[in-house]
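Try each task before you read its solution.

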Amino acid sequence: MTTTLPAAPPPLMGRAAVAALGLLALSTGALESVVAPTIPLLERELGMSPSASALLGVVLLVTGALVTPLAGKFGDRYGGKTVMVRLMAVVAVGGTVSALAPNLPVLLLGQVLQGAMVGALPLSFVVVRAHLPAGESKVAIGVVGGLFVGGGMAGMLSAGPVAQTLSRHWMFALPTLAVVGSTVLVHRLMPPDPPRPSRGAGTDWPGLLLLSGTLVTLLLTLALAPEARSRPLLLAALVVLLGALVTGWVAVERRAADPMVDLRMLARPAIWKACVLTFVICLGTSTAVFLVPQLLDERGDGYGFAAGATEIGLVLLPGAVAATLAGPLGGIGDRRFGSRAVVTAGVVLMTVSLLALAAVHTEIWHVATGKALIALANGLCVTALMTSTATAVDEGDTGIATSLILVSRVLGYAVGGQLGGALLTAATPSGSTVAAESAYVTGFVLAGVVTSLALLVTRTMSKGVRA
């Protein structure tokens, strides 16, 4: 008679491995964000309109929205470390293409490939859950998430000086080299997490195709919104197509044996509330992320600062510091006070900051302070939502659950960025490059009002997310 011994627990993760994951998060966050502070520079060099530059800022996020659920699912199924290393190879290719891009179409291709980096975050949560006890994993997830946000702010800070001192090509090349180096460290230091038996029937390619069409149609609809008066039939057709794609995608996902996005998990109150909150919070953040560099670069009569890319990066420095601190603080705050308290505080802080920017933006310190508070609020909210959700579901569902949060983040950033671009395009007179000040005021007010609506959801949350 043969006795089956219980499987040995996976080896514990050392501090060096956690540091390698944090370095990878920092590097990918930097690579993700270098476009934002240099949008005015890229507009001039590549001859782009504000709507086109907003599209450039979100194509990476669209790819991320598609890759993230698959990365989380494959990480749960085949092991997070293996999938992460392969995903980073795609990111390295994308960063190289962006660095060498001679024109806008090639740069867009590079950004599409770079979007695979968004899937690295849920994979980090998969390996952390597999190799650390529950209490330590919550702090580690907060640290990794915070470094990703901090890396994004560091990328915003350094992109301008690098682009002006060297060229726009190097602002992509340097963080790409950092991604390659940190991936090598993760491969050497991270213990392997064994794959789990598959509970599904394979990859949901129809669902992936329909979601791709939905996101592309959404972006086209938002990009064409400022031209609604001249192209009403085209815009109406896109809205109808968007509704049909969403309906078809929901139907396919409900029937799929192994859906790309598990709508049953999304139906859980704690999960859908976290997704709604993440979307709303990131919409407010991304509107500010797009409008602030444009306002700093603006050369209007009585508004704007005519700042270059380097000056824009320096103004964003307080936000980089605040975002770096927000991740660990969000994880610790969630463990101590619960996600509801942390998210509520973050929503209130962001709403006040956005409305304050709408009312007062005549001095550099007004803009710098408002942007820093928005970055702090975003980091607190998103980190608390991700850490509480990641540690509330079964270990085998970590990647899927956090992927839903990250997809909501991507959608919020995409909609917010396109909203900002549409407002500036509509408010720029024909033959002029200067947008009306009212466009900035309207953008900040809309973002603040939408963000404040999140308080209606936070009131119904429990102190900690329970999935």
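**Exercise 1: Confidence**

The protein chain averages a pLDDT of 78, where pLDDT is the predictor's confidence in each residue, from 0 to 100. At least 70 is the score of 82% of the residues. The model is predicted: local features need pLDDT of at least 70, side-chain atom pairs count only at pLDDT 80 or more, and totals for chains, interfaces and linings use all residues. Residues are numbered from 1 along each chain as its sequence is written, and side-chain values use heavy atoms, leaving out hydrogens and water.

Task: find which stretch has a pLDDT below 50.

Solution. Step one: go to residues 1-6, where the pLDDT is below 50. Step two: count contacts (heavy atoms within 4.5 Å). Beyond near neighbours in sequence, this stretch has 0 in the model. Step three: where pLDDT is low, the predicted coordinates should not be read in detail.

**Exercise 2: Serine 353**

Task: decide whether serine 353 is buried or exposed.

Solution. Step one: locate serine 353 in helix α15 (residues 339-359). Helices are DSSP runs of H or I, at least four residues, numbered from the N terminus. Step two: serine 353 has a relative accessible area of 4%, so it is buried (under 20% relative accessible area, 1.4 Å probe, protein chains only). Step three: its side chain reaches the backbone oxygen of leucine 349 at 2.7 Å. Step four: leaving aside neighbours within four places in sequence, serine 353 contacts Gly370, Leu373 and Ile374.

**Exercise 3: Phenylalanine 444**

Task: list what phenylalanine 444 touches, not counting residues up to four places away in sequence.

Solution. Phenylalanine 444 touches Ala288, Leu291, Val292, Leu295, Leu354, Leu357 and Ala358.

Terms used
Helices (H or I, at least four residues) and strands (E, at least two) are DSSP runs, numbered from the N terminus. Buried means under 20% relative accessible area, exposed over 50%, partly exposed in between (1.4 Å probe, protein chains only). A polar contact is a pair of N or O atoms within 3.5 Å; within protein, one must be able to donate a hydrogen and the other to accept it, and residues adjacent in sequence count only if both atoms are side-chain atoms.
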